[in-house]
Amino acid sequence: MPTIQASVTQLDHSASLGEVRGHQITIDRPEAKGGQDKGAMGGEALLMGLGGCFMSNLLAAIKTREAAVSDIAIALTATLADAPARFSAVKLAVSGNYADKAEMEKLVTIAERSCIVANTIKGAVKLSFEVV
């Protein structure tokens with residue numbers, strides 16, 4: 001089976017550096033949680049990863065179908081739960097310029113089914129997608 005290799009190394013007392021394929025992201029905690037606010041927290045990075053994975057699949061579906069869709073934006077809203085701390089639900093609200101809402105909803109479904117991150121966390125987190 002194919003694999004993906006990534007690494008996370010400590011930078012200092014609160015920050016770390018994530019690396020994959022030569023790309024980097026700094027991960028830290030806000031000052032209020034004992035960090036230095038040098039980057040997003042890990043959970044926030046997970047949300048950006050979900051949004052980015054979904055977006056790349058949506059853009060690929062739009063391009064393949066030559067759909068008249070542009071200026072896509074995704075607003076992610078995560079609901080937090082305790083014991084253990086986790087996301088219990090994440091909603092992705094997808095907006096953009098499009099004329100045919102039914103076509104856009106179909107493209108969102110295609111992207112959702114193709115998104116590695118969404119497919120990985122669906123069993124643990126209630127995911128919902130909405131075209132706005």
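**Aromatic pairs.** I began with the aromatic rings of this predicted model, and my count came to one aromatic pair. The partners are phenylalanine 54 and phenylalanine 129, whose ring centres lie 5.0 Å apart with 40° between the planes, and I noted the arrangement as tilted. I then looked up where the two residues sit: phenylalanine 54 belongs to helix H1 (residues 42-64) and phenylalanine 129 to strand E6 (residues 126-131), so that the pair, 75 residues apart, links distant parts of the chain. For phenylalanine 54 I also took down the accessibility, and at 0% relative accessibility this residue counts as buried because the limit for that word is under 20%.

**Salt bridges.** Next I went through the charged side chains, where the count came to three salt bridges.

I took lysine 38 and aspartate 12 to begin with, whose side chains meet in a salt bridge at 2.4 Å, N to O. Lysine 38 is in the loop between strand E3 (23-27) and H1, while aspartate 12 is in the loop between strand E1 (7-10) and strand E2 (16-20), so this bridge ties together parts that are 26 residues apart in sequence. I recorded lysine 38 as partly exposed at 45% relative accessibility, and aspartate 12 as partly exposed as well, at 21%.

I turned then to glutamate 130 and lysine 91, which form a salt bridge with their closest N and O atoms 2.8 Å apart. Here both partners come from strands, glutamate 130 from E6 and lysine 91 from E5, so the bridge ties together parts that are 39 residues apart in sequence. The relative accessible area is 32% for glutamate 130, which I noted as partly exposed, and 35% for lysine 91, which is likewise partly exposed.

The remaining entry under this heading is the salt bridge between the side chains of lysine 122 and glutamate 112, at 3.4 Å, N to O. Lysine 122 counts as partly exposed, with 34% relative accessibility.

**Alanine 93.** I followed strand E5 (residues 86-98) to alanine 93, which is buried with a relative accessible area of 17%. Setting aside neighbours within four places in sequence, I listed the contacts of alanine 93 as Ala73, Ile74, Ala75, Glu130 and Val132.

For the largest pocket I wrote down a volume of about 460 Å³. Its lining is made up of 19 residues, and the closest to the centre are Ile4, Ala6, Glu19, Val20 and Gly49. The elements that give two or more residues to this lining are E1, E2, E3, H1 and H3, and the largest share, five residues, comes from H1. Sorted by class, the lining of the largest pocket holds eleven nonpolar, six polar and two charged residues.

The second largest pocket has a volume of about 370 Å³. There are 17 residues in its lining, of which Lys33, Met41, Gly43, Glu44 and Leu80 are the closest to the centre. H1, strand E4 (69-81) and E5 each give two or more residues to the lining of the second largest pocket, and the largest share, four residues, is that of H1. By class I noted eight nonpolar, three polar and six charged residues for this second lining.

**Backbone.** Last, I looked through the backbone angles. The peptide bond from alanine 83 to proline 84 is cis, with omega near 0°, and I placed proline 84 in the loop between E4 and E5. Alanine 83 lies in the loop between E4 and E5, and has a positive phi of about 50° although it is not a glycine. At 74% relative accessibility, alanine 83 counts as exposed.

Which residue in the loop between E2 and E3 did I take down next? It was arginine 21, in that loop between E2 and E3, whose phi is near 50°, a positive value in a residue other than glycine. I recorded arginine 21 as exposed, at 72% relative accessibility.

Notes
Residues are numbered from 1 along each chain as its sequence is written. This is a predicted model: local features need pLDDT of at least 70, side-chain atom pairs count only at pLDDT 80 or more; totals for chains, interfaces and linings use all residues. Side-chain values use heavy atoms; hydrogens and water are left out. Buried means under 20% relative accessible area, exposed over 50%, partly exposed in between (1.4 Å probe, protein chains only). Contact means heavy atoms within 4.5 Å. Rings of Phe, Tyr and Trp (its six-membered ring) pair if their centres lie within 6.5 Å; planes under 30 degrees apart count as stacked, over 60 as edge-to-face and the rest as tilted. A salt bridge is a side-chain nitrogen of Lys or Arg within 4 Å of a carboxyl oxygen of Asp or Glu. On a 1 Å grid over the protein atoms alone, a cavity is a set of points where a 1.4 Å probe fits but cannot get out, and a pocket is an open set with protein on both sides within 12 Å along at least five of seven lines; lining residues have an atom within 4 Å of a point. Grid points are joined across faces, edges and corners, and a volume is the space filled by probe spheres set on the points. Ala, Val, Leu, Ile, Met, Phe, Trp, Tyr, Cys and Pro count as nonpolar, Asp, Glu, Lys and Arg as charged, and the others, Gly among them, as polar.
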